[in-house]
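Dear colleague,

I am handing over the structure below, and after it you will find my notes on what turned up in it. Please read the two side by side.

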Amino acid sequence: MTRPTATNPSAQPTIEALMVRFLASRSDAASAAVETGESEVEPHEVAAGFRVDPRAAWLDATATITTGGNAPPPAVQLPAEWAALVAQPAAAFAVPMAAGHFPQRVKDLQPLLAKFDPAELRPTGTQAPVPGFPGLRGWITKTGSTNPQVASGIARTLGDFDAAERLLAGVNGADNDRAALLWQKGRCAEAMAAWDALPEAPAVLFNRGMARLFLGRLAEARPALQKAIDAIPEASGWHALARLYLAVADIHG
């Protein structure tokens, strides 16, 4: 199944169009990384030129629409080593919308658009914690009591799952974040069931669709992702990622 576009009304969107739409939505290097034209574009080559603005990633990781309004407003000063974390070359693919996460982690589009194997792309929970980042881990420890959701999300991103779970203990309104932790641990079916049990909200809708996409249930992913697209402001990087995931479902469904 394909979704018509204004420039290609009878067929699926081109890979180039998808990459321009997603990368340009949040990359300060998009104009240099992507040149429009008639030639074929190799997704991994474009991704190599993708540079993320750390402040844009921070805003997406801490926005009310991401946190559910339970976390305090984002800090004026970015956490120590946040820019280094954002700039890491390793890409993620199945990224839950939750506090402390940022959609710009999806950098390499080749596995999504060319050969889509959901089992290979979703988390397994077996990965080792990211080494280094003492400054960022120190920020998590220092900030955990005042902003546990965001701190827990960054701990999840670093693979510090025990720390992430401790930070969420007893926190009200953090059920979406707890489901995201299940997802990152590789307990993906449990995470999807947890999201299905929550009331509808932009992040929950996004995660219901994302989970179904990466569990291979593409037809079920589409309506949830479309609802998320309608609910998330266009200025958000999560809106662009929801559109990308919907396109993946359309191309491979």
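**Notes on the model**

Thr67 belongs to helix H5, which spans residues 64-67; helices here are DSSP runs of H or I with at least four residues, strands are runs of E with at least two, and both are numbered from the N terminus. The model is a predicted one, in which local features need pLDDT of at least 70 and side-chain atom pairs count only at pLDDT 80 or more, while totals for chains, interfaces and linings use all residues. Residues are numbered from 1 along each chain as its sequence is written, and side-chain values use heavy atoms, with hydrogens and water left out.

Thr67 is buried, at a relative accessible area of 5% (buried means under 20%, exposed over 50%, and partly exposed in between, with a 1.4 Å probe and protein chains only). Setting aside residues up to four places away in sequence, Thr67 touches Ala61, Thr62, Ala99, Gln149 and Val150, where contact means heavy atoms within 4.5 Å.

**Helices H13 and H14**

Two packed helices are described by the angle between their axes and the distance between the axes. For helix H13 (residues 188-196) and helix H14 (residues 202-214), the axes come within 9 Å and cross at roughly 150°; axes are lines fitted to C-alpha atoms, for helices over the stretch in contact, and angles run from 0 to 180 degrees between N-to-C directions. On the H13 side the contact is made by Met192, Trp195 and Asp196, and on the H14 side by Val204, Asn207, Arg208, Met210, Ala211 and Arg212. These residues of the H13 and H14 contact divide into five nonpolar, one polar and three charged (Ala, Val, Leu, Ile, Met, Phe, Trp, Tyr, Cys and Pro count as nonpolar, Asp, Glu, Lys and Arg as charged, and the others, Gly among them, as polar).

Arg212, in helix H14, is buried with a relative accessible area of 12%. Leaving aside neighbours within four places in sequence, Arg212 is in contact with Met192, Asp196, Arg217, Leu218, Glu220 and Ala221.

**Pockets**

The largest pocket holds about 470 Å³ of space. On a 1 Å grid over the protein atoms alone, a pocket is an open set of points where a 1.4 Å probe fits, with protein on both sides within 12 Å along at least five of seven lines, and lining residues have an atom within 4 Å of a point; grid points are joined across faces, edges and corners, and a volume is the space filled by probe spheres set on the points. Of the 25 residues lining the largest pocket, Ala91, Ala92, Arg105, Gln127 and Gln184 lie nearest its centre. The lining of the largest pocket divides into 14 nonpolar, six polar and five charged residues, and its largest share, three residues, comes from H10.

The second largest pocket has a volume of about 200 Å³, and among its 16 lining residues the closest to its centre are Gly68, Gly173, Asn176, Ala201 and Val204.

**Positive phi**

Glu81, in the loop between H5 and H6, has a positive phi of about 70° although it is not a glycine, and Glu81 is partly exposed at 30% relative accessible area.

With best regards
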